[in-house]
Amino acid sequence: MSNTFVMDAWYVIAWSEDLPAMGRVSKTILGLPVVAFRGEDGVAKAVTNRCAHRGVPLSMGTVVGGNIRCPYHALEFNGGGVCVRNPHIKGEPGRLTVRSYPVAERHGAVWVWTGDPARADAALIPDFSGFDVDVPGYRTIHGYVTVEADYRLVIDNLLDLSHAEYLHANTVGTPGSSGSVKTSVDVGDQRVTVLRKVFDLTPSAVFKPVWSRSERIDQQANMTWRAPSHLLLDLGIMPTGGVLADGLHFPSAHLLTPETERTTHYFYANTRNFLTEDTGFDDKVRATFVQAFGNEDRPIIEAIQRAAVDASDGFRFADFTTGDAAASRVRRMLDKLAAPHSAS
């Protein structure tokens, strides 16, 4: 296993709403085939997505009671990975097992622990309670995309928002922000935050239709990374010289789950304290994300993977923005976290 992966960590495999009762979701996570399923008891479970008999993906089967049934010979495995039904033998079926994974549900997501089960502690899941569905005065939506690139490149992109003015000029970028920005980096225990604020500018295209209090605004865009690959953008606008409490708050969660060394599952959530009863605005938020990330960021990130990371000429990144400095710190932290528990 590549030492770019932090094995002892929680990763999102699905939004809870996408794993209904008697349903299943399969993903490759850190190179591991995993299927999550929810039985009659409503509890999410996860096991290796491969039957111990002939290797058939269990995700091709069905959920029966609290077990997942292989479609090939109807062997059933419980949430602990033990075969509890084998119609082809009279003896104990439990000699066949598959790996099981600790599972927790927090903040509207199903999280899987990929490392040593003895170290699994749900308290280690980063606090994204601001995206719980019952936060008073806020409305939250969820989404998912895939990226054909190393998850660390996506982290780099999120920590360096200096590109937004140029790459996202017609979506989330704030015109003129590079000339009025105040940035700094704050580092904590397995955490890096880029504090970013711009002053006395016109609102970005995403805020302009919903902001009528003033022609010009200040904008806060603080991005926090928490190990190994979970980021929070605390985004909001306010009247010039004002405070966020007087403006619009529009934070977003960016929960990255490495699929392989060069592909990434990207789970995102947006919440807002305005237009909370307007379901039609949900579609506009999703469309903005698809345009800003899917059609603007993602092609750049995937191009970097091909042109720089996969290059054979020894190309090295050059750091010159505050976001670059933050990303370099994150890389060093990830190297330390990955090294002790990397598998062969």
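Predicted model: local features only at pLDDT ≥ 70, side-chain atom pairs only at ≥ 80, totals over all residues.
Trainee: Why is Tyr268 called buried?

Mentor: Tyr268 has a relative accessible area of 5%, and buried means under 20%, so Tyr268 is classed as buried. This residue lies in strand 19, which covers residues 263–272.

Trainee: Which residues is Tyr268 in contact with, once its neighbours within four places in sequence are left aside?

Mentor: Tyr268 is then in contact with Trp15, Ile141, His142, Gly143, Tyr144, Val145, Ala253 and Phe289, where contact means heavy atoms within 4.5 Å.

Trainee: Which residues of helix 4 are buried, and what covers them?

Mentor: The buried residues in helix 4 are Gly323, Asp324, Ala326, Ala327, Ser328, Val330, Leu334 and Ala338, and their cover includes helix 1 (151–159), strand 13 (181–188), strand 14 (191–201) and strand 15 (217–226).

Trainee: Which residues touch the most other members of the largest nonpolar core?

Mentor: That core has 60 residues, and Ile155, Leu159, Trp225 and Tyr266 touch the most other members. Helix 1 gives the most to this core, with six residues. Leaving aside neighbours within four places in sequence, Trp225 is in contact with residues including Ile155, Leu159, Val330, Met333 and Leu334.

Note on methods. Residues numbered from 1 in each chain as written. Heavy atoms only, no water. Helix = DSSP H or I, 4+ residues; strand = E, 2+ residues; numbered from the N terminus. Buried < 20%, exposed > 50% of the residue type's maximum accessible area, 1.4 Å probe, protein only. Core = buried A, V, L, I, M, F, W, Y, C linked by side-chain atoms within 4.5 Å.
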